[in-house]
Structures are given as C-alpha cells and as structure tokens.
Amino acid sequence: MKTESDSQLLPVLKQTFGFATFRPLQEEIIRDSLAGRDTFALLPTGGGKSLCFQLPALVRPGLTVVISPLIALMKDQVDALRANGVAATFLNSSLGADAARTRLRGLHNGEFKLLYVAPERLMLPGFLDDLQRWNISSVAVDEAHCISEWGHDFRPEYRQLRGLRERFPGTPFMALTATATARVRVDIVEQLHLREARVYVASFNRPNLTYRVAPKSAAYGQVLEFIRARAKECGIIYCASRAGAESLAGKLAEDGIAAAPYHAGLDKAVRDENQEKFLRDEVRVICATIAFGMGINKPNVRFVIHYDLPKNVEGYYQETGRAGRDGLPSECLLLFSAGDVQKQMRFIAEKSDAAEQRVAREQLQQMVHYAECAECRRVALLDYFGEVVGRASRLSSERYSASVQSGSDNVPTSPAQAGGTPAPLFNCGGCDNCLAPRQTFDGTLAAQKLLSCVVRIRQMSGFSVGLNHVVTVLTGGDTDRIRQWNHHTLSTYNIGAGHTRNEWAAFGRELLRLGLLRQDTGKFATLEITAEGLAALKERRTITLTKPMAAPEAKAARAGEIACDEALFERLRALRKRLADERGVPSYIIFSDVTLRQMARFYPLMDAEFTRISGMGEKKRREFGDVFRAEISAHLAENPRQMFAEESFTPPPAPAKSRGQLLTETVRDTLRQFRAGTEPPAIARQRGVTEGTIYGHLAAALDAGEELEMRRFFTPEEEREMTAAFDKMGWALLSGAHTALGGRYDYHKLRLFRAAQKRSQAGQ
C-alpha cells in the first residue's frame with residue numbers, strides 16, 4: 001500500500017484535528033499502518049493514541065474498526081470525531097434496537113469511516129460475517145493490555161479476539177495501550193497474532209504533571225483545603241472503597257463543592273448521570289474507587305488525588321494519567337499513611353490463591369517504596385517501566401519478534417535496552433522531592449539498632465518476624481508475643497526510646513529500599529538482613545536516612561504552562577460551556593483548554609490568526625469562529641490587551657489578500673447590509689445577535705482596511721469629544737476614555753471610533 005507523503009498527511013491533521021505537528025512517534029506509527037504493517041503502540045495516557053488510528057482511517061479507503069472495552073469512551077471519541085466532521089459511529093449495549101438498526105444500515109451503505117465496537121458485540125454470531133462485507137481496511141485494538149492475563153486489567157472477553165486474524169489475514173492490525181510491562185507486551189503480540197509488528201514505546205514521562213506525596217493526617221481537611229485552593233479546577237479523587245467514595249463526595253457537597261461519587265456499585269443510571277455531569281463541568285469533583293476504571297477522555301482534569309493508597313504502581317500511573325491530558329499543568333497528590341498499607345495487606349490476605357497473594361504483596365511493596373522514596377518521583381516511575389529519563393524509542397520489529405519467538409522475558413523495555421544512550425539523573429522540577437528535597441541525616445546509629453534487632457530476634461527464636469514486631473521490641477512494648485517469645489530479654493529491647501514507633505517503621509522501610517533488609521512476600525512479610533546489611537553492620541558503615549515527608553509548593557514555572565489573559569480565558573470558558581450545553585456535549589468537544597488559552601493569549605480576530613490556534617480545524621472555525629471572535633472583541637472593548645514575554649506561539653503576518661478575503665462571510669454580510677442603509681440595531685434584531693456583535697463586525701471591517709461612513713455614527717462634535725478623551729487618557733485603553741466621557745458612549749461605539757481613527761491614520 002502506498003505511504004502518504006507529508007503533503008497529504010499534514011493537511012488532514014490540520015484541517016480535521018486542528019494540529020500543525022504530530023506528537024512523538026505518531027507519524028511513524030501512522031506511516032507503518034498506512035504501509036500495511038502490523039503495529040504495537042505503547043503510548044502513555046494523553047500521548048495521542050487515538051490519532052494513530054483515526055488519521056489513517058481518513059486517508060485510506062474502507063472502514064477502520066476500533067475495538068474498545070470502555071462504552072463511555074466510545075461515545076466520547078465518536079462525539080469528538082463528529083464535531084470535527086468525521087463520519088464515525090459505535091455499536092454497544094447502550095444503544096436501543098432502532099438506533100442500532102440505523103447504524104447497521106449506514107455501515108452496510110458505506111457511510112462511516114470509523115466503527116467503535118465492544119469485544120462482546122464483535123464476537124456475536126453473524127457480526128464477523130457483516131464485517132467481511134463492510135470493506136474493513138484496518139483493525140485497532142485499544143486498551144490491548146486487557147487481552148493479557150498478566151495485565152493489570154485482564155478481561156476474559158478480549159481473549160476471543162485471537163480469531164480475528166484468521167478472518168482478516170491481509171488486514172493491518174494495530175494494538176494500543178498506555179501501560180504494559182515487557183511480559184504483557186509479548187503476550188499481546190502473541191494473542192493477537194501480530195505479524196512482524198513494528199513496536200513503538202513512547203516516553204512515559206508526563207512533564208506537565210506535578211507528583212506529590214503528603215503524610216495522611218486529617219485527610220478530609222487536607223483534601224478540602226487542596227480543592228478550595230483551586231476553585232475553578234476539576235479533578236478526580238480515588239478512594240479504596242465504594243463507601244469511602246460516597247462518604248467523601250457527600251462531605252464535599254455539604255461544604256459547597258460540586259462533587260459526586262462514581263463506582264461499580266451505583267445504579268447504572270446514577271453512575272452515567274454523574275459521569276455526564278462531570279464531563280460537562282456541572283460536577284467539579286468525582287470521587288471514584290481505585291478498582292473501577294472510568295474510561296473517560298476529559299482533557300481538562302487539573303488534579304488527581306489518591307485519598308487511599310493504590311494497590312500497585314501501574315494502577316497509580318494510569319490513574320494519575322487522567323490528569324492534564326491536554327498538556328496543561330496538572331497536579332497529582334497521594335495521601336500516604338502506614339495504616340493504609342495495613343488495610344491493603346488485609347485485603348490481600350482475603351485472596352484465596354497463594355500465588356496471587358504473593359504477586360499482590362510484591363506490587364504493594366513497590367507502591368510503598370515509591371510513596372516513601374526521597375529520590376525524584378518521576379525517575380522512580382519511569383524506572384518502574386524500564387525507561388531512562390527523557391527518551392522515547394521505536395524498538396525494531398526484528399529484535400522484538402526474536403524475543404517473542406524465543407519465549408524470552410528479556411524484551412527491550414527502554415531506549416537504553418534498545419541501544420539508546422542512558423540519560424543522567426536530573427532534577428525534574430515537577431515533584432515534591434525535586435522542588436524541595438527532603439532533609440537527610442546521619443542515621444547510622446538508628447540503622448545499626450534496627451539491623452541488630454532483626455539479627456538478635458532471629459538468633460534467639462530461630463525464626464524471623466515482621467517489621468511491626470521489630471518496632472515493638474525497639475520501643476519496649478509489652479505484648480503477649482513479646483513475653484511468649486522472651487523478646488523482652490533481648491539486648492535490643494527498648495533501645496529505641498529516642499524515636500516514635502512511626503519513625504522506626506519509616507526507618508525500617510527505608511532500609512528495605514536501600515537493600516540492607518529484605519521482606520518476604522508471604523503471608524507474614526517477615527524481615528531478614530541481607531548480606532549488604534550484615535556487612536554495613538559489621539563494618540560500621542555510615543548510613544544516611546531521610547527525614548519525614550513535607551509537602552512543598554512549586555516555585556518554578558511548570559511544564560506545559562500557557563500564560564494568558566485569565567479574565568478572557570474565563571469568558572471563553574463560559575462561552576464554551578454555553579455552546580456545549582446547547583449541543584448536549586461535554587465542553588471539551590467544542591474546544592480544549594489549550595485552544596482557549598491560546599485564544600486568550602494571542603487575541604485572534606482574523607481568520608488567518610484563528611487557523612494558527614492549536615485545535616482549530618476548518619469545521620470548528622466555520623462553526624464557532626465568529627462567536628469566539630465576537631467574545632474576544634467584546635473583551636478587548638473593555639480591557640487592555642496583555643503582552644506576554646517569550647511567546648511560544650507568534651502568529652505570522654496574514655498572507656497578502658484583498659480586503660474582502662480578510663473578512664468572514666458573517667462580517668461581509670453585516671457590511672453589505674450597513675452599506676445598503678440598514679442601521680446596526682436593525683441588523684442585530686434581524687440576525688438575532690447583540691448590537692455589540694454588529695459593531696464588532698464593523699470594527700473588524702475597518703481593521704481589514706474597509707471604509708465606512710462615520711457620519712452615520714457620530715456627529716463632528718461627538719468625534720471631537722471622543723478624540724479629546726482618548727488623547728487625554730491614551731488610545732490603548734477604552735476604559736480610560738469611557739470614564740473620561742462619563743459613560744455617555746458604549747464601549748462598542750468607542751471601539752468603532754478608535755478603529756476608524758486607526759484606519760484613517762493608516763490611509764494617510
């Protein structure tokens with residue numbers, strides 16, 4: 001199959017999706033797919049996975065089938081595609097019989113370019129036969145980790161997809177996921193029968209996210225203070241239980257925060273309603289269980305709070321990844337307490353399978369290490385996924401295929417393993433440990449006491465104990481087990497009176513991270529001293545420990561930040577909400593926060609300027625350009641234009657065009673009516689808009705070089721009066737002239753007069 005050239009791909013990217021460039025690895029994945037190759041894409045949440053199959057679907061003939069387990073996400077993506085003018089649809093259990101029949105009829109008639117379908121629907125009798133009649137050009141399996149029993153979200157119905165390759169032997173397949181270990185990647189390739197798949201692994205780094213871990217103390221107060229400090233932002237709070245999610249949502253609502261619960265135990269109608277309100281910004285905070293995936297594509301989630309400790313790092317990464325999908329700065333806060341660790345251990349003990357328990361304990365231990373580490377949290381997260389900081393890669397299909405065929409677990413998982421050069425560790429500037437490094441101290445004596453206690457207990461009893469019992473011995477506790485095992489006679493009994501139990505527990509967990517102790521992953525999680533720990537004890541090595549966590553505030557600019565006119569941004573956000581409500585869609589379907597912030601930074605008023613705003617495709621510019629232009633004009637009529645240093649986006653000069661070409665059809669229509677003798681109030685009534693909008697059109701016409709008969713607006717005396725006011729107060733601010741004139745002239749008339757004076761000077 002012929003590969004599309006830059007001249008073909010980039011215009012579709014811009015015209016349909018409003019983007020001028022691809023994100024990392026997107027173009028390579030798209031080109032391989034268009035060339036008929038199987039591809040495997042591991043891109044983090046917010047990394048642009050969907051575009052990898054959506055754009056090829058638009059430039060190749062036939063229908064692209066997207067298999068997804070998330071019903072809500074299907075509707076979300078189809079709504080977004082339709083808003084961009086793409087013929088897309090979905091089939092799942094949420095549709096009534098009539099709606100399903102209508103969509104099936106459209107599929108038979110070749111009316112769609114993309115079909116989203118759940119795996120259960122795909123495997124229904126007769127459906128695969130229908131697919132073979134619909135000219136399928138490609139198959140994309142989203143959330144592909146669900147097919148692997150080693151994945152964190154295994155779904156048995158995904159196993160049925162193994163038979164797809166036999167039905168479509170020559171069709172290119174694409175598997176996509178946001179989280180997958182090396183073992184899971186191998187399993188996905190095997191299960192889907194991908195052939196010599198090109199494997200792409202993007203960086204897991206999300207530089208716009210700030211990661212923080214705070215000691216959990218009076219947790220509700222911590223959460224309430226955090227949310228109140230972000231009065232206009234929305235977020236997700238993850239809780240360990242359904243009851244916890246409902247209770248937290250109720251408390252927040254009582255304190256004036258628009259919050260709602262979301263978990264699998266709610267009635268479906270209630271759950272759907274809460275999610276829809278959140279998507280439409282009617283609910284600001286969703287309290288959800290960490291065990292239930294939301295499957296949403298809301299790009300402007302500005303914070304994610306983990307009220308309780310997640311079970312594993314993969315789940316934590318995926319959940320924090322729901323923040324800041326639009327690339328703007330967002331925050332991830334984890335409230336950590338040793339009590340939450342014990343709760344999770346009790347949950348694990350309830351599992352019936354011993355092997356499952358062992359795996360769960362290992363994963364929990366990794367999560368605790370992350371929560372308590374003093375190193376850069378970004379580095380710790382990336383290291384978990386086998387990535388060296390700051391790099392992305394495409395792993396060669398040959399190396400990957402060889403690993404799969406040999407059954408090796410040594411599959412490349414990072415650029416370093418794939419032949420890249422490891423990057424040095426760095427201060428990420430976006431986590432608590434880098435923004436305000438925690439203080440360390442000479443913990444040699446404390447470490448020696450704890451290590452010695454572990455050794456003495458083992459020597460006396462012939463068995464090992466858990467960390468809690470070691471702490472009890474060190475702090476002189478009087479318990480049945482202490483007396484039963486005669487541990488009150490140990491030389492290390494009560495030698496730790498200088499520290500609290502919590503401090504000793506933290507020291508023990510740090511010694512585990514340092515490799516001086518190891519913890520069994522069996523039922524009792526007993527401690528053993530390692531060879532390294534024994535050597536450190538005997539040689540009296542200096543051991544540095546870390547002081548307890550403290551949550552600092554960010555001091556530096558955050559990655560992804562777009563400085564803008566915040567007052568205008570709020571006006572545009574309110575306008576977006578109104579337009580979204582009128583159409584019955586979430587706000588971000590209209591425009592993302594990135595698009596609004598760029599508008600509020602660069603004040604686009606001409607078509608040429610709008611085309612350079614990210615996310616402004618042709619269809620959206622035609623549909624929404626005039627109304628947003630009018631809002632920007634109205635804001636500028638009342639407020640000065642702000643300037644921003646080091647602008648990352650500077651619209652180039654508009655191309656040389658005739659005066660008429662610089663005007664939109666709406667402005668030209670206003671101009672024609674005005675020149676035909678109709679006054680602005682009458683034009684406004686006829687077209688159902690405000691007078692200010694019509695005056696804005698006329699001012700835009702003046703800015704574009706058109707001439708207007710100003711005597712129809714102002715008498716010579718009025719012109720002299722306004723000129724004197726502007727000369728006195730300055731021509732940059734309408735508000736100064738408005739005040740000097742005692743409010744006798746509306747802002748839109750002042751703006752029109754100023755535009756006329758500018759036009760006159762340009763003519764001279």
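**Stop one: two loops**

Start by selecting Ala-218, which sits in the loop between strand E8 (209-215) and helix H10 (219-228). Helices (H or I, at least four residues) and strands (E, at least two) are DSSP runs, numbered from the N terminus. Before going on: this is a predicted model, where local features need pLDDT of at least 70 and side-chain atom pairs count only at pLDDT 80 or more, while totals for chains, interfaces and linings use all residues. Residues are numbered from 1 along each chain as its sequence is written, and side-chain values use heavy atoms, with hydrogens and water left out.

Check the backbone of Ala-218: phi is positive, near 50°, in a residue other than glycine. With 63% relative accessibility, Ala-218 counts as exposed (buried means under 20% relative accessible area, exposed over 50%, partly exposed in between; 1.4 Å probe, protein chains only).

Now jump to Asn-494, in the loop between helix H21 (480-484) and helix H22 (501-513). Asn-494 isn't a glycine either, yet phi is positive at about 65°. Its relative accessible area is 39%, so Asn-494 is partly exposed.

**Stop two: an enclosed helix**

Select residues 26-34, helix H2: seven of its nine residues are buried, so the rest of the structure largely encloses it. Color the buried ones: Gln-26, Ile-29, Ile-30, Arg-31, Asp-32, Ser-33 and Leu-34. After H2 comes Gly-36, with a positive phi near 90°.

**Stop three: a helix crossing**

Next, show H29 (residues 665-675) and H31 (residues 691-703), whose axes come within 9 Å and cross at roughly 95°. Axes here are lines fitted to C-alpha atoms, for helices over the stretch in contact, and angles run from 0 to 180 degrees between N-to-C directions.

Show side chains: Thr-666, Val-667, Thr-670, Leu-671 and Phe-674 of H29 meet Ile-694, His-697, Leu-698 and Ala-701 of H31 (contact means heavy atoms within 4.5 Å).

**Last stop: the cores**

Which residues have the most contacts inside the largest nonpolar core? Select Ile-67, Leu-122 and Leu-131; the core has 108 residues. A nonpolar core is a set of buried Ala, Val, Leu, Ile, Met, Phe, Trp, Tyr and Cys residues joined through side-chain atoms within 4.5 Å. Helix H15 (residues 354-372) gives the largest share of this core, six residues.

Zoom in on Leu-131, which touches Val-65, Leu-115, Leu-122, Ile-136 and Phe-168, not counting residues up to four places away in sequence. Another core, of 29 residues, lies apart from the largest one; among its members are Val-470, Leu-474, Leu-511 and Leu-516.
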